[in-house]
Amino acid sequence: MSFDEHGNSIEHPDFRVKEHLASGGMGAVLEVEEATTLRPVALKVMHPNALQSEEARGRFMLEAQVMARLEHPNIVPMHVLKKDAEGKPFYTMKKVVGRDLQQIIAAIRKGHIRTAEDFPLARLLQIFQKICDAIGYAHSKGVVHRDLKPANVMVGEFGEVLVMDWGLAKIIGQDEVEPSIEDSTDITAELSESQLANSDLLDVGAGLTMDGALMGTPQYMAPEQAEGRVNEIDGRTDVWA
């Protein structure tokens, strides 16, 4: 079994853990290597405490399912959703090498000359257009991101622009379905908003994502989102962000 510095573990014959990449409220992202292809991918696993929450587990499953249905050049590709030897769910996705858009904007504001040269207005507008393409595609599939912000957009070293972090996504009109996962198979069940309306986690602060009845990041929330009018949330909510 392999552990990262935060106690997150993964034990599966198909993957070898290389390093810890990032941590969030519900889980951690690890760099792993596929045993057969030797391809480096990013693997997301839930924190041990989050596993105790049914809502958190449902949110984790939904994030993987949403990413799996959204096959677009500007949406991070999801590979597999499985569970490890201890029954903990995890999923793998493309490992993106680069910076998030928030880091780029912050560097420009601070007068970082190299970043300003690398990202003139024309290139920033191209990035924005690719974000719009990704979100427009998601809306065509009935999916609202609900946490669209610069920190959730990765800009790769070779021009890739990928919208990340679909953990708060809402599927418009989705009926309630109980999630399940089988040994070494992809999951096909999908969840509704009613299963994900509450959470044990609440992080409120500048740029931080809020979980709970109010989902999203405060300064990017449309009025209906900020007021908790869940039934009114649709594609226009992402357009506001």
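Among contacts in the chain between residues at least 6 apart in sequence, 51% join residues at least 24 apart. The model is a predicted one. Its chain holds 6 helices and 12 strands, and of its 241 residues 46% count as buried.

- An open sheet is built from 5 strands in the order 3-4-5-7-6, and its pairing is antiparallel.
- Strand 3 (15-23) and strand 6 (78-83) are the edge strands, each pairing on one side only.
- On average, neighbouring strands of this sheet are turned by 30° against each other, direction ignored.
- In general, the strands of a sheet pair through backbone hydrogen bonds, in either a parallel or an antiparallel manner.
- Helix 1 (residues 54-69) lies across strand 5, strand 6 and strand 7 (89-93). The helix runs at about 30° to strand 7.

**Strand 4 and its partners**

- Strand 3 and strand 4 run antiparallel and are joined by 7 bridges.
- Strand 4 (residues 27-34) is also joined to strand 5 (residues 40-46) by 7 bridges, and this pair is antiparallel too.
- Glu31 in strand 4 is the bridge partner of Glu19. On the strand 5 side, Glu31 stands opposite Ala42.
- Val32 has Val41 of strand 5 as its bridge partner.
- How many residues of strand 4 are buried? The count is 8 of its 8 residues, and the strand is mostly covered.
- In a regular strand, side chains alternate between the two faces of the sheet.
- Both faces of strand 4 are covered. One side carries Gly27, Val29, Glu31 and Glu33, the other Ala28, Leu30, Val32 and Glu34, and all of these are buried.

- Leu38 has a phi near 65°, a positive value in a residue other than glycine.
- Leu38 sits in the loop between strand 4 and strand 5. The hairpin formed by these strands has 5 residues between them.
- Asp165, also not a glycine, has a positive phi of about 55°.
- Where is Asp165 found? Its place is the loop between strand 11 (161-163) and strand 12 (170-171).
- Asp165 is partly exposed because its relative accessible area is 32%, which falls between the limits of 20% for buried and 50% for exposed.

**Glu160**

- Glu160 belongs to the loop between strand 10 (153-156) and strand 11.
- Its relative accessibility is 26%, so Glu160 counts as partly exposed.
- Leaving aside neighbours within four places in sequence, Glu160 is in contact with Met154 and Val155.
- The C-alpha atoms of Glu160 and Val96 are separated by 8.6 Å, although the two residues are 64 apart along the chain.

**The second largest pocket**

- The second largest pocket holds about 370 Å³ of space.
- Its lining consists of 17 residues, and Phe128, Ile131, Cys132, Leu148 and Ala241 lie nearest the centre.
- Which helices each supply at least two residues of this lining? They are helix 2 (101-109), helix 4 (121-140) and helix 6 (235-240).
- Helix 4 gives the most to the lining of this pocket, with 7 residues.
- By class, the lining of the second largest pocket divides into 13 nonpolar, 2 polar and 2 charged residues.

**Cavities**

- The count of cavities of 30 Å³ or more comes to 3.
- The largest cavity has a volume of about 40 Å³.
- Residues lining the largest cavity include Arg146, Asp147, Leu148, Gly216, Thr217 and Tyr220. Met221, Gln225, Thr237, Asp238 and Ala241 also belong to this lining.
- The lining of the largest cavity divides into 4 nonpolar, 4 polar and 3 charged residues.
- Leu148 and Ala241 are among the residues that line the largest cavity, and both are also among those nearest the centre of the second largest pocket.

Terms used
Residues numbered from 1 in each chain as written. Predicted model: local features only at pLDDT ≥ 70, side-chain atom pairs only at ≥ 80, totals over all residues. Heavy atoms only, no water. 1 Å grid on protein atoms, 1.4 Å probe; cavity = no way out; pocket = protein on both sides within 12 Å on 5 of 7 lines; lining within 4 Å. Points joined across faces, edges and corners; volume = space filled by probe spheres on them. Helix = DSSP H or I, 4+ residues; strand = E, 2+ residues; numbered from the N terminus. Nonpolar A, V, L, I, M, F, W, Y, C, P; charged D, E, K, R; others polar. Pairing = 2+ DSSP bridges. Axes fitted to C-alpha atoms, helices over the stretch in contact; angles between N-to-C directions. Contact = heavy atoms within 4.5 Å. Buried < 20%, exposed > 50% of the residue type's maximum accessible area, 1.4 Å probe, protein only.
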